[in-house]
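Please consult the sequence and the model alongside the text.

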Amino acid sequence: MANINILDKSIFNRIAAGEVVEKPASVVKELVENSIDAKATNITIEVEMGGIKKIKVTDNGIGMDKENLPKAFLPHATSKISTLDDLDKIGTLGFRGEALSSIASVAKVTALSKIKGAEEGTKITLSGGEVENITFVGCTDGTQITVEDLFYCIPARAKFLRKPKTEESEITNLVSRLILANPEIIFKYVADGKTIYHSTGNGLKEAIYTIYGTNTIENILPVDYTYQNLIKVSGYIGKPSFVKANRTYQTILINGRYIINKTISTAIYSAYEPYLMKNAFPFFVLHVSLPLDKVDVNVHPNKLDVKFENNNLIYGAFYNPISEELQKLSSKIREYKTEEVTSNSNINLDNLQKISPLEGHQFESKPNNLENVKVATIDDNSQFVKEVELLSDSDRELQENLHTYLTNDSSDYMVKNSEFNTTLMTKLASQNHVFSQSSIFNEEQKVDLTKTKIIGTCFNTYIIVENNNSLYFIDQHAGHERLLYDKFKESFLNEKLAVQSLLVPYVFETNHLEMQFINDNLAVLSDLGFEIEAFGINSFKVSTVPVLLKEISLCDFFNTVLKDLDSIVNYNKADILKEYLEKKACRSAVKANDILSLSEIENLLKLLNNENQILLCPHGRPVIIEITEKEIEKWFKRIV
């Protein structure tokens with residue numbers, strides 16, 4: 001039988017250090033969080049060689065006296081909790097009592113501290129976890145801790161440290177999060193003698209400016225709301241047009257603590273997804289306040305991961321308000337800025353004399369000119385064919401008129417029967433959803449597209465209209481695609497879909513988590529037309545599918561449904577069918593190079609003019625771009 005050994009202090013401290021002190025950034029995190037807990041209002045962070053050679057953190061917090069300073073470096077010594085009940089409502093950043101002892105066991109540490117009003121401070125030096133000296137010294141109020149030669153006594157750990165610049169980058173990223181989490185504190189961060197950040201302590205917007213600069217400030221919007229009288233969310237989110245290539249521009253702060261949480265990230269991304277291009281991610285810095293007993297931060301020593309009492313509530317607290325406000329925000333027309341223009345002086349002037357009338361066409365706004373307008377050729381993939389199936393029996397006259405148009409193949413029919421055209425398109429977009437929650441953004445006045453002057457089209461794709469001192473370019477495909485997507489989505493949310501029985505039921509296996517996820521979402525899957533029941537252990541049998549999905553791969557479909565199961569959220573019908581709805585809208589919309597008649601353009605503008613209409617296609621491309629007269633004058637150097 002093996003002997004049971006009682007580990008020596010030096011051994012278990014180094015084991016603990018393996019969890020708490022993973023890298024130099026871990027040391028910075030623990031020291032700065034201690035300064036914040038000590039109510040510091042001014043914190044300076046200095047590092048050399050990526051923190052491997054030296055890390056020094058100085059604060060003006062409450063400090064420690066000669067009696068308490070040595071205790072701070074003992075294992076499991078903390079001033080932040082004292083009873084078991086305190087673990088259920090942790091309000092400080094640190095609480096485990098492991099950090100300083102772990103750091104001291106793997107480095108050379110010098111600490112100076114003085115409480116306010118004391119005549120002198122205390123200095124302690126430690127090496128490899130052992131106290132070498134304690135003396136009285138003169139110093140300012142607060143605490144200064146210097147950590148040198150990290151992992152000097154553990155060569156096996158030291159050799160796994162990365163290059164100094166890589167470690168410095170980790171620290172820089174961490175400090176940026178600390179500044180955003182504590183915008184009321186003045187931070188100064190110096191790496192190898194160079195000041196990287198120096199925040200003002202004057203609020204979150206200035207903190208964001210310190211980290212990200214002017215361009216970010218110009219593209220963010222304030223958020224401030226309370227969800228179900230329980231969860232308060234404040235901060236800034238990026239405009240849908242202000243996207244990044246990765247998630248490193250996203251910051252979530254729970255009760256002042258920077259965290260990484262899948263549920264919240266997925267909720268925010270899902271809210272943005274209808275307005276984003278692929279492989280694009282939104283910007284946000286959000287402070288979240290909720291009762292301490294609703295969140296567990298005692299999950300891992302690094303305290304980056306947390307658990308919530310109710311994940312579905314947390315998901316809704318972000319998805320619902322943000323998606324509603326993005327819907328309102330996305331009804332605003334995007335303005336084209338001068339800095340986006342690429343000048344090209346190599347213009348072939350001869351080409352200006354060779355413009356073909358087929359490259360676009362213009363209209364006069366007189367009704368009697370309609371007879372001379374070349375109309376669009378609407379093919380079988382357009383809304384006039386595919387979407388008629390959505391019309392109810394009460395719209396039989398519209399169906400018959402549509403049939404007349406199709407069977408006669410008359411290009412004049414749509415122009416001469418503009419009332420039919422208008423009625424049909426209005427029917428097809430009449431159920432666009434309008435959110436009623438009060439706005440958390442500052443909204444601008446929307447342009448009335450029905451009162452603009454139609455100039456014409458260019459490239460048989462972009463409609464050009466003029467209003468006051470601006471030109472507006474409307475992408476006919478993107479605009480029509482958005483209208484159809486909204487229509488399809490609303491229809492699927494409110495209607496019972498037709499189903500088809502499978503000749504051979506489809507059976508798929510799950511693990512325990514996937515099984516629970518499917519069970520939690522059985523109701524919405526049933527509403528879609530899926531008849532699903534348990535089939536053995538951790539398996540399900542699908543007996544019916546919605547007619548709309550009869551030709552898709554059920555394997556791929558359920559893999560998509562299960563992709564976010566670790567967020568433990570509940571789907572609705574539109575969420576599950578989002579990709580299908582996007583494809584259907586894209587196929588059904590008028591295409592680039594389809595030549596539209598004046599009446600069709602007027603109808604499209606009328607529908608896009610609906611209140612709160614989203615002006616981004618389902619894939620995130622803008623529908624309308626505004627070019628102001630001032631911008632055009634800049635191009636021609638009439639103004640500078």
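Helices (H or I, at least four residues) and strands (E, at least two) are DSSP runs, numbered from the N terminus. The model is predicted: local features need pLDDT of at least 70, side-chain atom pairs count only at pLDDT 80 or more, and totals for chains, interfaces and linings use all residues. Residues are numbered from 1 along each chain as its sequence is written, and side-chain values use heavy atoms, with hydrogens and water left out.

**Sheet and packing helix**

- Eight strands make up an open sheet of mixed pairing, in the order β5-β4-β3-β6-β2-β1-β7-β8; two strands pair if DSSP finds at least two bridges between them.
- At the edges are β5 (130-137) and β8 (194-198), each of which pairs on one side only.
- On average, neighbouring strands of this sheet are turned by 10° against each other, direction ignored; axes are lines fitted to C-alpha atoms, for helices over the stretch in contact, and angles run from 0 to 180 degrees between N-to-C directions.
- Helix α6 (residues 164-181) packs on the sheet and touches β1, β7 (186-191) and β8, where contact means heavy atoms within 4.5 Å. The direction of α6 makes about 175° with that of β7.
- Strands β1 (residues 42-48) and β2 (residues 54-59) run antiparallel and are joined by six bridges.

**Buried serines**

- Ser 127 belongs to strand β4 (residues 121-127). Ser 127 has a relative accessible area of 18% and is therefore buried (under 20% relative accessible area; exposed is over 50%, partly exposed in between; 1.4 Å probe, protein chains only).
- Ser 470, in strand β21 (residues 470-475), is buried at 10%, and its side chain makes a polar contact of 2.6 Å with that of Glu 626.

**Salt bridges**

- The structure holds 17 salt bridges (a side-chain nitrogen of Lys or Arg within 4 Å of a carboxyl oxygen of Asp or Glu).
- Lys 108 and Asp 149 form a salt bridge, with their closest N and O atoms 3.5 Å apart. Lys 108 lies in strand β3 (residues 108-114) and Asp 149 in the loop between β6 (142-148) and α5 (155-158), so the pair ties together parts 41 residues apart in sequence.
- Glu 167, buried at 2% relative accessibility, meets Arg 162 in a salt bridge of 3.3 Å, N to O.
- A network of salt bridges links Lys 23, Arg 162, Glu 167 and Glu 170.

Definitions and conventions
Polar contact = N/O pair within 3.5 Å; in protein donor to acceptor, adjacent residues only side chain to side chain.
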